[in-house]
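Have the structure open while you read.

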Amino acid sequence: MSNTAAYSTILDARVKKIYPVVQSTVVEEYAKYSNKVTHQEYQYVMTGVTGLAMGQVIADGQVPASDAPIQGYTKTFTQAIFTNRVRLTKQSYYYLFQSKQGKKIDEKVKTQVLNLKNSIVHLKNFYAQSAIANGQSTSFSFTPIGGFQGSVTVDTTTADGVAFWSAAHTREDGGANWTNIIVSGATTNPVFSFAGLLAARSLHAQKKDGRGLPMMSTLDTFMFQDQSTAFFLASSIKGTLASGKYPSATPGTTGTFVDANPTSSFEIIPLMVYGSSGTTSVQWFGFDSKMVNEDFGFQYIESMPLEISDLREDYVGNLDLIMTATLYCQFGANDLRGWMYSQGDDN
């Protein structure tokens with residue numbers, strides 16, 4: 001709660017200029033790599049089913065074996081409450097925003113500093129980013145930046161029960177496990193490089209569907225922490241590949257470009273620098289943008305859209321003025337066959 005004591009300098013009659021120390025409008029970053037589902041129920045359940053196996057070759061007179069699709073794994077997403085509340089004493093609100101002679105903050109600044117929508121969008125961005133950054137484990141403890149209600153445990157498993165990023169993802173028909181962790185040569189979780197890019201795409205091409213048939217998927221989009229060394233290098237490699245050239249082994253130095261590029265260019269999504277449990281400067285992610293849909297990839301499930309109450313008196317309490325934002329949603333993944341990941345630390 002904020003009272004007049006918290007604004008002693010602002011309420012000083014000598015203060016002439018009040019300015020907002022806040023960010024501009026916040027972009028919904030999570031929406032760039034997840035599929036939105038509107039589902040007005042407490043739980044959202046996804047169950048996969050495979051197609052048929054490859055056809056058979058039989059000799060004349062033989063009876064073909066019968067085949068049928070296989071029910072896959074089931075993933076349940078349970079809605080969480082995303083919320084924030086503004087609380088001001090009636091007196092502080094009056095002198096800050098209402099009093100004609102004592103009013104200190106104009107309507108533009110008021111809108112910026114009491115922007116509950118931006119607060120919730122930041123929460124969604126950071127929650128989703130933290131989930132992908134900590135997806136090597138099956139769960140992690142999430143604490144909002146500057147939050148007041150402690151931590152919550154976030155589930156970071158896919159429908160097969162293992163972590164988002166794992167070499168032990170199982171196949172529906174009991175076939176060989178598949179991995180979405182990048183290995184380049186003998187190095188697991190390599191730093192981003194051109195060799196790492198080729199390794200990620202080569203490993204991704206080996207993935208199979210639930211009956212062991214090729215997934216036919218290509219990594220066409222990569223994500224990095226914005227303005228990190230990995231981001232800058234990826235931007236350079238992206239431009240070089242787009243021009244039809246083979247990236248130099250030592251970017252930024254004079255080199256020759258004799259060979260044509262062996263792989264296609266890609267799109268880049270920069271991730272905001274939240275710090276804390278968010279992505280690190282060396283982590284990198286690749287995914288097939290065609291597999292960001294209701295069947296594959298990360299899902300943002302929303303059962304109640306953002307609702308912001310009017311500023312009103314808290315008649316149960318001490319007549320403070322309160323305004324609350326509430327949203328029912330959840331973020332997670334059912335099947336991450338369309339993704340590859342590297343911790344970026346060569347370990």
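Which residues form one aromatic cluster? They are Tyr33, Phe164, Trp165, Phe285, Phe287, Phe298, Phe331, Trp339 and Tyr341.

## Ground rules

This is a predicted model, so to speak of local features we need pLDDT of at least 70, and side-chain atom pairs count only at pLDDT 80 or more, while totals for chains, interfaces and linings use all residues. Residues are numbered from 1 along each chain as its sequence is written, and side-chain values use heavy atoms, with hydrogens and water left out.

## Aromatic pairs

Rings of Phe, Tyr and Trp (for Trp, the six-membered ring) are paired if their centres lie within 6.5 Å; planes under 30 degrees apart make a pair stacked, over 60 edge-to-face, and the rest tilted. By that rule, there are 26 aromatic pairs. Take Tyr127 and Phe142: their ring centres are 5.1 Å apart and the planes sit at 80°, so this pair is edge-to-face. The pair links distant parts of the chain, 15 residues apart, with Tyr127 in helix H3 (residues 116–133) and Phe142 in strand E5 (residues 139–142). Helices (H or I, at least four residues) and strands (E, at least two) are DSSP runs, numbered from the N terminus. Tyr127 and Phe142 are both buried, where buried means under 20% relative accessible area, exposed over 50%, and partly exposed in between (1.4 Å probe, protein chains only).

Phe192 and Phe224 are another edge-to-face pair, at 4.9 Å centre to centre and 75° between the planes. Phe192 lies in the loop between strand E8 (187–188) and helix H4 (194–205), and Phe224 in strand E9 (residues 221–225), so the pair ties together parts 32 residues apart in sequence. Phe192 counts as buried at 6% relative accessibility, and Phe224 counts as buried at 0%. There's also a charge over a ring (NZ of Lys or CZ of Arg within 6 Å of the ring centre and within 35 degrees of the ring normal): the charged end of Lys75 sits over Phe77, 5.9 Å from the ring centre.

## Salt bridges

Count a salt bridge whenever a side-chain nitrogen of Lys or Arg is within 4 Å of a carboxyl oxygen of Asp or Glu, and you get 11 of them. Lys124 pairs with Glu28, with the closest N and O atoms 3.3 Å apart. Since Lys124 lies in helix H3 and Glu28 in the segment before E1, this pair ties together parts that are 96 residues apart in sequence. Lys124 is buried at 9% relative accessibility, whereas Glu28 is partly exposed at 36%.

Arg211 and Asp67 form a salt bridge too, at 2.9 Å between the closest N and O atoms. Arg211 is in the loop between H4 and E9 and Asp67 in the loop between E2 and E3, 144 residues apart. Arg211 is buried, with a relative accessible area of 15%, and Asp67 is partly exposed at 38%.

## A pocket with a salt-bridge network

On a 1 Å grid over the protein atoms alone, a pocket is an open set of points with protein on both sides within 12 Å along at least five of seven lines, a cavity is a set where a 1.4 Å probe fits but cannot get out, and lining residues have an atom within 4 Å of a point. Volumes are the space filled by probe spheres set on the points, which are joined across faces, edges and corners. The second largest pocket has a volume of about 380 Å³. Of its 25 lining residues, Gly48, Glu172, Phe296, Asp335 and Arg337 are the closest to the centre. Strand E2 (43–49) and strand E3 (71–78) are the elements giving two or more residues to this lining, and E2 has the largest share, with four.

Glu172 and Arg337 meet in a salt bridge (2.7 Å, N to O), and Glu172, Asp335 and Arg337 are linked in a network of such bridges. Arg337 is buried, at 5% relative accessibility.

## The cavity

How many cavities of 30 Å³ or more does the structure hold? There is one, and about 40 Å³ of space lies in the largest cavity. Its lining consists of Tyr30, Phe82, Lys124, Tyr127, Ala128, Tyr300, Cys329, Gln330 and Phe331. H3 and strand E14 (321–333) each supply at least two of the lining residues.
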